[in-house]
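Thanks for coming, everyone. I would like to walk through one model this morning, going from a pair of helices to the domains and then to the sheets and some backbone details.

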Amino acid sequence: MTLRIAALCCAGLLYSGLSAPAKAVPNEQQIANVRRSLSDWIKADTSNPPGNEARVVKAIAARLQQAKIPYEIVAFAPGRENIVARLKGSGPDKPLLLLAHVDVVGTKDQAWTSPPHVLTEQDGYLVGRGVSDDLGMAAINLEVFLALKADRKPLRRDVILALTGDEESGGAGIRFLLDKHPQLIDAGIALNEGASVTLGEDGKVAYVGMQTAEKNYADFTVTATGPTGHSSVPPVDTAIFTLAKALVKINEVAMPAHLLPVTRAYFTEQAAFTSGEEQAAMQALVAATDDHQLPEAALAVLEKDPITKANLRTTCVATLISGGTKENALPPSATAMINCRILPDETVDEVRRRLVSAIANPAVSVNVIHDYGVPKTSPVDGEVAVALRAVTKQLYPGVPLLPVMSRGATDSRYLRRAGILAYGIGPIAMSELDGKRAHGINERIPAASIGPGLEFMLRLVDHLAVAR
Ligand SMILES: [Zn+2]
């Protein structure tokens, strides 16, 4: 704890000591504005369900109005709204979209040490529901957008601000915009949540994440059938035992490991900051000429880390089970729910076929509940990567920009499907452990990370949208 606080103060010093273009450095007022937004929006309690995002949208509208920026409020359900505004630029490039969601996860049955819907400063941290997911980024995006207007810099493309609802329960807000008002967010590139400026154990920035891909999500039912009757004379294959055998097979199935452009780029960058057998294993993986024929010895080293394993393979796990009606009766069927996180270049049907062949029993059926299709990914190079690399170099020299894939999903999946190259970032520097507090107890960000976070976004948007 002491280390982290001490180092955070140093991060603050580092940032204030930089010689940056004057307008890219946030002033005290802007930092205070972000804190005020966070305080007001956390108090508004947009726990989803029910959402009530209109409460926060009202406050955002007031700020935009004050700055004389026109905006559109788009309701997608009673009490639930998105807000979208645009600053016009000139030039051939399609707009830049700054996206963040203003709904938060509820706090029922969570034992917080401070009231979750009150922004509280404790030990150098700002604590409150939504402070990191995703109100912090929403507040920074708003401030950056207002700064662009106030600075009157000529823009070489439109910049769109969209603060939306329902990300935490399926993305009804962004889906409504894409379905009903696509012209409001007709961007070429988008910056959204999904990665972060990550602090190491020494409290210094260890890497800057850039999320370009997300695993696909699919649920399957696995159902076994068997003879019904009295339990006193059991047959060999009852529905429940057959299901149990199938589940063991699913647990043992080896989904093939392979590299995607994002994981290849990740290992390429990360190898330079690793040592020993891990480094050798990363180098061996990226040296493989066939992304689907990876050296087993290298996989064995790297897959000791379950996160790395989940980045290299589709994973499937049983999450629900049901079957039987009475202690002394044989049920006609038993069913388990299998939740799979699928690499973004594999189809749901391919995974289903692998499960079927692993089970190898015609008395067991495997059915997919939803198939949303193969997700799209964003390129690991290109203008957003170039801009992120430049900003990382300016603010955190020597720190790697790591392309990453999320194992969960954000609203970027809908943007990418609509042809918008979405990138997950997170300007507010925090440790991985603090990042994991999102959705949980005592969600928090370092108070000292607001200023550098604002500067990170100001510089990034400057790179991507301001005319030279
Ligand atoms: Zn979020």
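**Helices, domains, sheets and backbone**

Helix 2 and helix 15 are roughly perpendicular to each other, a word that covers angles of 65 to 115 degrees, whereas angles under 35 degrees count as roughly parallel, over 145 as roughly antiparallel, and the rest as oblique. Before I go on, please keep in mind that this is a predicted model, in which local features need pLDDT of at least 70 and side-chain atom pairs count only at pLDDT 80 or more, while totals for chains, interfaces and linings use all residues. Residues are numbered from 1 along each chain as its sequence is written. Helices and strands are DSSP runs, numbered from the N terminus, with helices being H or I of at least four residues and strands being E of at least two.

To return to that pair, the axes of helix 2 (residues 28–44) and helix 15 (residues 450–465) come within 10 Å and cross at roughly 105°; axes here are lines fitted to C-alpha atoms, for helices over the stretch in contact, and angles run from 0 to 180 degrees between N-to-C directions. Gln 30, Ile 31, Val 34 and Arg 35 of helix 2 meet Ile 450, Gly 451 and Leu 454 of helix 15, where two residues are in contact if their C-beta atoms, placed from the backbone, lie within 7 Å. By class, this contact has 4 nonpolar, 2 polar and 1 charged residues, with Ala, Val, Leu, Ile, Met, Phe, Trp, Tyr, Cys and Pro counted as nonpolar, Asp, Glu, Lys and Arg as charged, and the others, Gly among them, as polar.

Now the domains. The assignment for the protein chain gives domain 1 as 2–214 + 375–465 and domain 2 as 216–368, bounds that come from an automatic or database domain assignment. Taken over C-alpha atoms, the centres of domain 1 and domain 2 are separated by 34 Å, and 14 residues of domain 1 are in contact with 16 residues of domain 2. On the side of domain 1 that touches domain 2, strand 11 (205–214) and strand 18 (401–406) each supply at least two residues, and strand 18 gives the most, with 5 residues. That side of domain 1 has 10 nonpolar, 2 polar and 2 charged residues.

Strand 14 pairs with strand 16 (residues 333–342) in the antiparallel sense over 8 bridges, and Thr 315 has Arg 341 in strand 16 as its bridge partner.

Which residues cover the two faces of strand 9? On one side of strand 9 (residues 189–192) are Ile 189 and Leu 191, on the other Ala 190 and Asn 192, and all of these are buried. By the convention used here, a residue is buried if 20 or more other C-beta atoms lie within 10 Å of its own, exposed if 12 or fewer, and partly exposed in between, with C-beta atoms placed from the backbone. Strand 9 runs parallel to strand 4 (residues 96–101), joined by 3 bridges, and parallel to strand 19 (residues 421–424), joined by 4 bridges.

Finally, the backbone, with a reminder that most residues other than glycine have a negative phi, and most peptide bonds are trans. The peptide bond from Asn 48 to Pro 49 is cis, with omega near 0°, and a cis bond also joins Pro 49 and Pro 50, with omega about 5°.

Conventions. Two strands pair if DSSP finds at least two bridges between them.
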